[in-house]
Amino acid sequence: MYAQMVTSEATQDDPEKLAAFQARIDAGEKIEPKEWMPEGYRKTLIRQIGQHAHSEIVGQLPEGNWITRAPTLERKAILLAKVQDEAGHGLYLYCAAETLGVSRDELTEALLAGKMKYSSIFNYPTLTWADIGAVGWLVDGAAIMNQVPLQRTSFGPYSRAMIRICKEESFHQRQGFDIMRKMATGTDAQRHMAQDALNRFWYPSLMMFGPSDKDSVHSAQSMRWKIKMNTNDELRQKFVDQTVPQAEYLGLTVPDPDLRWNAEKGGYDFTEPDWSEFFEVLKGNGPCNAERLAARQKAWDDGAWVRGGLMAHAAKQAAAPVAAE
Amino acid sequence: MSAEWPLWEIFIRGQHGLNHRHVGSLHAPDAEMAMRHARDVYTRRNEGVSIWVVPSAAITASSPSDKGPMFEPSQDKVYRHPSFFDIPDEIGHM
């Protein structure tokens, strides 16, 4: 889940309009950008879609780290394609957020100023090639859990971006699983690397869904508005239930001694991640927070002359008399 | 120069014989760059055989508040649909 702990905004709109708006959502209608919407709906969506977009962009960094060191040319081409997809996903989402009246530059500046977040998961390093497998298998797997239901979200542009993203995302998860499978059936050293990657990425992946929100007023409001489709706990449970058999197939051990099948609830009982670690990472104290933001800042600063130069060129071309050709 | 690149709407013809369809938007300094970006952002998986890029500012859209006057008048003109007319069974397909 790329949007964590999105607080909903209080809304002070005309109650009659609010009720009519809610009725449209309850009837399954999509809300389009120019239509009336509560201020709280607009602001919450900007925050959520923006955070989701930032996550796609920052998410390129841990994977980009391995492009030059991919073990074969084929793996390199696949990883390049995957990282390029993430850039595309970021762009679809920024465009969706912009329809709500915020500009691309404002979103980027809010990220760089620390006013907007990206997913906690991208503050963990990718230390070995097996980590690239674990990221695809677990991180993209967790993201899909959240993104598939969001295809039905009430805001039209967000829903359409999610539909496009979901079409492309299953390639990401499969390529990760494929790397893990290769490693898990390889030499002892490779198997060890695969297990080590699972050990390090398991709990951070569970954190992606955010802490339990069964009592959260923000989540309740977002669910009423169909900005959020499931509770964090529901999605986390679904993820564990789906992933554990896959780990067993790979012959890898999920790093949770208390993990067991609970026939009564039809799902696994599992250990919650360390939420104090999660909050530390959100506060900026994760292993790679400073590095990630510095990379985004550098890209923004180093790209300034290109952005400006191309605009200047376009203005000059537009002004040039046609007869000169 | 701090002006943001303008927004472009992207339309793609998925296959020969079909209409161009709106697929999304992107920022670019000019039409040529919009075309290059559209190719990278929207046709990574064989999605198209032709691309149109249009400055978003050039599009005039109907207003949501005009939805009633714009579209409701056609609702009571059911005779515009062929199913309005009864054709005797003996006539067969028409």
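Two strands pair if DSSP finds at least two bridges between them. Keep that rule at hand for the exercises below. The model is predicted.

**Exercise 1. Find the hairpin in chain B and describe its turn.**

Step 1. Take strand 1 of chain B, residues 7-13. Strand 2 of chain B covers 20-27.
Step 2. Apply the rule. Strand 1 and strand 2 of chain B share seven bridges, in the antiparallel sense.
Step 3. Look between them. Six residues separate the two strands of this hairpin. In the turn, B:Gly17 has a positive phi of about 95 degrees.
Step 4. B:Arg13 has B:His20 of strand 2 as its bridge partner. B:Ile10 stands opposite B:Gly24 in strand 2 of chain B.

**Exercise 2. Work out the strand order of the sheet in chain B, and say which strands stand at the edges.**

Step 1. Turn to the other partner of strand 1. Strand 3 of chain B is joined to strand 1 by six bridges, and the two run antiparallel. Here B:Ile10 has B:Val53 as its bridge partner in strand 3.
Step 2. The open sheet has three strands, arranged 2-1-3, with antiparallel pairing.
Step 3. Read off the edges. Strand 2 and strand 3 of chain B each have a single partner strand, so one side of each lacks a neighbour in the sheet.
Step 4. From one strand to the next, the average is 25 degrees.
Step 5. Place the helix. Helix 1 of chain B, residues 31-42, packs on the sheet and touches strands 1, 2 and 3. Its direction makes about 110 degrees with that of strand 2 of chain B.

**Exercise 3. Describe the contact between chain B and chain A.**

Step 1. Count the residues. Chain B gives 22 and chain A gives 25.
Step 2. Take the area. About 1,900 Å² is buried between the two chains, and carbon and sulfur atoms give 57% of that.
Step 3. Look for charged pairs. Four salt bridges are found across the interface. One of them links A:Glu168 and B:Arg44, whose closest N and O atoms are 2.9 Å apart.

**Exercise 4. Is A:Lys182 buried or exposed?**

Step 1. Find the residue. A:Lys182 lies in helix 7 of chain A, residues 156-184.
Step 2. Compare with the cut-off. Exposed means over 50%. A:Lys182 has a relative accessible area of 58%, so A:Lys182 is exposed.

Technical notes
Residues numbered from 1 in each chain as written. Chains lettered and ligands numbered in written order. Predicted model: local features only at pLDDT ≥ 70, side-chain atom pairs only at ≥ 80, totals over all residues. Heavy atoms only, no water. Helix = DSSP H or I, 4+ residues; strand = E, 2+ residues; numbered from the N terminus. Buried < 20%, exposed > 50% of the residue type's maximum accessible area, 1.4 Å probe, protein only. Axes fitted to C-alpha atoms, helices over the stretch in contact; angles between N-to-C directions. Contact = heavy atoms within 4.5 Å. Buried area = accessible area lost by both parts, 1.4 Å probe. Salt bridge = Lys/Arg side-chain N within 4 Å of Asp/Glu carboxyl O.
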